[in-house]
Amino acid sequence: MATDFKSIPIIDISPLVAKSDDANMAEDVGVCEVVTQLDKACREAGFFYVKGHGIPDSLLREVRDVTHKFFDLPLEEKLKIKLSAATGYRGYQEVGDNVTKGEPDVHEAIDCYRELKLGMYGDMGKPLVGPNLWPSNPQNFKVVMEQYIDLCAELSRNIMQGIALALGGKFNELEGHIAGDPFWVMRLIGYPVISKENGHDEHGADIGCGAHTDYGLLTLVNQDENITALQVRNHSGEWIWAPPIPGTFVCNIGDMLKILSNGLYESTLHQVINKSPKYRVCVAYFYEPNYDATIEPLDICVQRTGGIKILGQAVYGEHLVGKVTTNFRY
Ligand SMILES: N=C(N)NCCCC[C@H](N)C(=O)O
Ligand SMILES: O=C(O)CCC(=O)C(=O)O
Ligand SMILES: [Fe+2]
C-alpha cells in the first residue's frame, strides 16, 4: 500500500549483485540490508532508484545516445519500421499513436519484445508473433540494444532475488513457473518539447505518457540526464518527481508483482510530462513473468495479509495482450 512518500529512495544493491545466484545469500549481512531497503521501498512507494548495479554508465549513455540518433531521423526514415498488428506490435510508433486512458500520448517510441514464434503459447501468443524491427540507422543500434537487453535481464533477475527474500520467500521463489523463462519488453521512448509547432499548447495535450501502471514484475528506467519529467503518484494523490540521478536506474514494480505479493506491494501509478526545452529520451526495460504463467498471490504473502487472497489470479500473456492490443490509435 502506497504511503505519502515525498521522494523516492536510493538503494545501493552492490551486496546483492556480489551474491547473485548464491543459495546462501540470505545469510549475508550486506544482502539483508539491501533486502530490508527493497521491502520498505516496495511497500511505501513501489518505486526506488538502484545504484551499484554493475551496468557501466557508459553503456547506459550509449543506449540513450543511439536512441536520440534514431528519433532525430526524418519521419519517413523512422516509418520504415512502423509498428502495426501485422508486425506483432513491434516497431516504431509516431507521436500520438499510443493512447493512454483515451488520450493520445505526446511520445514516439520503438517497442521490442522477446522473440515469440508462431505456435508458441497458442492463440494467446499470436498477437505478438514477429521479429523485432531494428532500424538500419544508426548502424550499431541492434548490437548495442541486444547487449543492453541481456544485462538488464540478468540485473532484473538479481533484483527479483532480493525481492523474493523481502517477501519472505527463498531467493529463487519467483523463478521456475513464475519467471524462470521471463518474457521481456523494451520501449525506447522519445518525448518532444511541448510547443505550438507540434500542435500542443497550454490548452492542449501535454502529457508525454498518461498515468498508468506497468504490467509485469519490475521495470528498469534509464532516463536522460538533466531533464525531470517522470512523476509518481503517492497515496494522497500528489505527483512526486523522479529526477534523473546519473548512473542509476529508476525501478518500479508492475501489476504481476502486486498480485504475487497479495497487495503488500503496489504497482504505483506514474506519468511523464516533459516541460523542459529539450527533447527527452527514456529507455524502459520491463522484466516480466513467463508468458504463460498463471500469477496468483504467493502463500507466504497471503499468510502475511491475514490469510485471505485479496487479489485474484491473472495469466500474464493475457494481461499483456489486453494492454498492447488496445494501446494504439489504429
Ligand atoms: N509495457 C508497458 N508497461 N508500457 C507502458 C506504456 C504505458 C502507456 C500505455 N498506453 C498504457 O495505457 O498502458
Ligand atoms: O519515460 C519515463 O520516464 C517512464 C516511461 C514509462 O513509464 C513506461 O514506458 O512505462
Ligand atoms: Fe511505466
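Visitor: How are the donor residues of the iron ion (ligand 3) spaced in sequence?
Guide: They follow the pattern H-x1-D-x55-H. One pair of them links distant parts of the chain: Asp214 sits in the loop between strand 8 (209–212) and strand 9 (218–223), while His270 belongs to strand 13 (residues 270–272), 56 residues away. Strands here are DSSP runs of E with at least two residues, helices runs of H or I with at least four, numbered from the N terminus. By the way, this is a predicted model, so local features need pLDDT of at least 70 and side-chain atom pairs pLDDT 80 or more, while totals for chains, interfaces and linings use all residues. Residues count from 1 along each chain, chains are lettered from A and ligands numbered from 1 as written, and side-chain values use heavy atoms, without hydrogens or water.

Visitor: What makes the iron ion (ligand 3) coordinated, and by which atoms?
Guide: A donor is an N, O or S atom within 2.8 Å of the metal (3.2 Å for Na, K and Ca); water isn't among the atoms, so a site may look incomplete. His212 (NE2), Asp214 (OD) and His270 (NE2) lie at 2.1 to 2.2 Å, so they qualify.

Visitor: Why is Asp214 called buried?
Guide: Buried means under 20% relative accessible area, exposed over 50%, partly exposed in between (1.4 Å probe, protein chains only). Asp214 has 5%, so it counts as buried, and so does His270 at 5%.

Visitor: How do you know that the side chain of His53 reaches Gly247?
Guide: A polar contact needs a donor and acceptor pair of N or O atoms within 3.5 Å. The His53 side chain reaches the backbone oxygen of Gly247 at 2.7 Å, and the backbone nitrogen of Ile55 at 3.0 Å.
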